[in-house]
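Let's go through some charged side chains together and check each label against its cut-off.

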Amino acid sequence: MLRRQLLTGGLLVGLVLAAPLSAHHGWTGGETLELEGTITATRLGNPHGEVELDVDGEDWTIEVGQPWRNERAGLAEGDLREGVELRVSGEHAGEQLLKAEQLWIGEQHYVLYPGRI
């Protein structure tokens, strides 16, 4: 009986601790948007990178992949720097927030999440 209670309690604690992770990292099923603008700031690293994009005078936060995912997509250091013109397609994940699935710099196409496009 005690073993069953410990197992049930452990499962409940695990679910409670996992919920915030799912909310932060999960895809919400939001609408797909395509934006085009100029990068005004960049923060690359873990758990994922972010670029600030000026889209017709509105500031958008674009979540890009983890460093390994960006590299696997073909992005090199400096590609996502301030002043770069960027076109991005991804999931609208909140107010002025887009989770990038693919992006274009000039004619170069980078697919961050092949299974999502």
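Q: Why is Arg116 called partly exposed?
A: Its relative accessible area is 37%. Buried means under 20%, exposed over 50% and partly exposed in between (1.4 Å probe, protein chains only), so Arg116 counts as partly exposed. A word on the basis: this is a predicted model, where local features need pLDDT of at least 70, side-chain atom pairs count only at pLDDT 80 or more, and totals for chains, interfaces and linings use all residues. Residues are numbered from 1 along each chain as its sequence is written, and side-chain values use heavy atoms, with hydrogens and water left out.

Q: What makes Glu91 and Arg116 a salt bridge?
A: Their closest N and O atoms are 3.0 Å apart. A salt bridge needs a side-chain nitrogen of Lys or Arg within 4 Å of a carboxyl oxygen of Asp or Glu, so this pair qualifies.

Q: Is Glu91 buried or exposed?
A: Glu91 is buried, because its relative accessibility is 1%. Glu101, at 5%, also counts as buried.

Q: How do you know that the charge of Arg87 sits over the ring of Trp104?
A: The charged end of Arg87 is 3.9 Å from the ring centre. The rule asks for NZ of Lys or CZ of Arg within 6 Å of the centre and within 35 degrees of the ring normal.
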